[in-house]
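Let's take a friendly tour of the charged pairs in this model. Have the sequence and the 3D view ready as you read.

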Amino acid sequence: MSSKIIVTVLGKDQSGIVAKVSGALANNSCNIEDISQTLMDDIFSMIMLVAIDEAKIKIDELKNLLLKLGEKLNLKITVQHEDVFRFMHRV
Amino acid sequence: MLINHNEILETVNMLRQEKLDIRTVTLSLNLRDCQDSRPAKLQHNIYSKITNTAKNLIAVVDELESKYGVPIINKRIAVSPISAIAEGCKGKDLRSIAITLDEAADKVGVDFLGGYSALVQKGFTSGDVSLIDSIPDALSVTERVCSSVNVASTKAGINMDAVKKMGGVIKETAEMTRDQDGVGCAKLVVFCNAPEDNPFMAGAYHGIGEAEAAVNIGISGPGVIRSAIENSPGLDFTSLSEIIKKTSFKITRVGELIGREAAKRLGVTMGIIDLSLAPTPTAGDSVALILEKMGLEYCGCHGTTAALALLNEAVKKGGLFATSSTGGLSGSFIPVSEDLGMVKAIKAGALSIDKLEAMTSVCSVGLDMIAVPGDTTAETISAIIADEMSIGMINDKTTATRLIPVPGKKVGEVANFGGLLGGAPIIKLSDHSSKDFIDRGGRIPAPIRSLTN
């Protein structure tokens with residue numbers, strides 16, 4: 001199985017969300033392969049496909065780090081291996 | 001991106017808002033190689049086998065939970081029927097074996113271990129009698145051990161001697177755990193056509209035809225199905241069924257992923273995915289609420305059986321395409337004490353034991369987690385079991401009872417079993433006697449449908 005994760009970010013729009021989340025990923029050698037974002041009624045949602053093959057930290061640690069960042073910015077951040085989405089939405 | 005933005009948000013929402021989870025990862029384990037005529041040696045073998053094979057179970061499941069972001073609620077173990085494993089043991093000290101199982105479950109960190117079981121649909125062996133007689137004691141001295149007795153099958157008919165015996169066993173079990181509202185009975189299931197690969201407690205055991213060890217997965221997600229119905233108002237039944245099927249497919253795929261990975265990491269066979277909707281006492285995690293969302297004022301009013309039939313079929317059809325390893329009970333569960341919607345319906349006088357019995361003819365599993373008055377006679381309990389077994393036998397499906405005669409409590413009072421077992425109002429039963437019927441004994445012969453060859 002591949003080592004790619006999906007990071008989702010949900011919450012009230014504010015400046016610097018993309019920079020802060022992608023900065024945290026870059027600091028740990030995680031490579032953002034794809035990114036999409038939308039804004040609906042002031043609610044910001046961003047989804048990133050991130051390769052973690054060369055990451056400096058384990059998925060658990062990355063998850064905790066991003067959860068803490070989410071708490072600080074008042075955003076809901078989730079980190080999940082991409083396979084759960086592939087299994088659920090593709091045959 | 002391979003998966004689009006909305007699909008990803010849908011999954012995240014299912015997990016965060018709608019309580020999608022994997023209900024159980026159950027390690028099913030053969031104990032036949034533990035048999036020994038010396039009691040101490042048998043206990044040693046059982047303890048070693050379980051603690052060695054399952055030593056990584058909790059760690060592996062926790063890793064998967066974190067990796068995929070999918071909550072996995074229960075981790076459990078099912079073992080070969082102890083009646084067979086202990087039959088050749090001198091003195092048949094079953095109490096000690098139950099305690100050994102409890103200690104092994106504690107050591108590896110699972111909350112329930114199933115398989116303190118006997119299969120007696122056609123008749124009893126000496127090991128079966130010893131085990132059944134020891135159930136009340138075993139369930140009162142252990143915390144984690146679950147017991148089941150298969151008393152009927154479509155092929156063999158109904159062993160009415162066993163049905164009679166189980167009425168007494170249930171009464172005695174309730175009495176021995178009376179300080180906890182008879183909670184011992186919440187760990188005791190009486191089956192017709194018990195599946196050999198069921199991951200759900202209290203009825204899980206490792207069947208004789210199973211591999212050495214396997215991982216069986218119980219999926220869930222009543223909240224996800226309810227939301228799907230809620231978000232599509234005014235649909236006719238064909239379209240409603242389509243929505244449920246699609247949702248069930250997605251839920252089952254998550255089970256398939258977890259099952260494959262868990263089996264690989266534990267080095268055992270991937271067993272089955274049980275396509276079940278299992279409620280919990282958490283608000284919103286209710287099968288009754290799904291039925292009510294279809295347009296019923298209360299679960300239990302006229303139309304409930306039809307609504308449940310639609311739900312059950314659609315869940316299975318959607319799930320079937322999502323995995324090639326279906327098995328277990330596979331159907332909607334209606335455990336009363338574990339479903340806040342059912343509890344509410346009973347309190348409102350909308351849901352009766354008779355309606356519940358009718359519902360069991362179109363879903364899995366049976367009269368599940370139903371609190372009945374403490375002064376219910378053993379014969380009445382046996383008669384309820386006999387009715388339920390006949391539904392299973394004639395319809396070639398699994399049925400079961402998990403009845404709790406709550407000591408000292410009457411209709412309208414509430415029993416509390418704690419945790420995932422929840423609590424339930426005591427339900428009203430018939431006031432009339434079935435004693436002479438139950439006292440006949442013998443076997444109700446197998447139905448015409450058994451002659452399929």
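## Terms and ground rules

Buried means under 20% relative accessible area, exposed means over 50%, and partly exposed is in between (1.4 Å probe, protein chains only). A salt bridge is a side-chain nitrogen of Lys or Arg within 4 Å of a carboxyl oxygen of Asp or Glu.

This is a predicted model, where local features need pLDDT of at least 70, side-chain atom pairs count only at pLDDT 80 or more, and totals for chains, interfaces and linings use all residues. Residues are numbered from 1 along each chain as its sequence is written, chains are lettered from A and ligands numbered from 1 in the order in which they are written, and side-chain values use heavy atoms, leaving out hydrogens and water.

## A pair in chain A

Over all chains, the search finds 33 salt bridges. One of them joins A:E82 to A:R86, at 4.0 Å from N to O. A:R86 is partly exposed at 31% relative accessibility, while A:E82 is buried at 12%.

## Links through helix 7 of chain B

B:D133 and B:K165 form a salt bridge of 2.9 Å, N to O. Because B:D133 sits in helix 6 (residues 126-141) and B:K165 in helix 7 (residues 160-176), both of chain B, the pair ties together parts 32 residues apart in sequence. Helices here are DSSP runs of H or I with at least four residues, numbered from the N terminus.

B:K164 and B:D439 also meet in a salt bridge, at 3.1 Å from N to O. B:K164 lies in helix 7 and B:D439 in helix 15 (residues 435-439) of chain B, so this pair ties together parts 275 residues apart in sequence.

Salt bridges with shared partners join B:E63, B:K67, B:E261, B:K264 and B:R265 into one network.

Note on methods. Helices (H or I, at least four residues) and strands (E, at least two) are DSSP runs, numbered from the N terminus.
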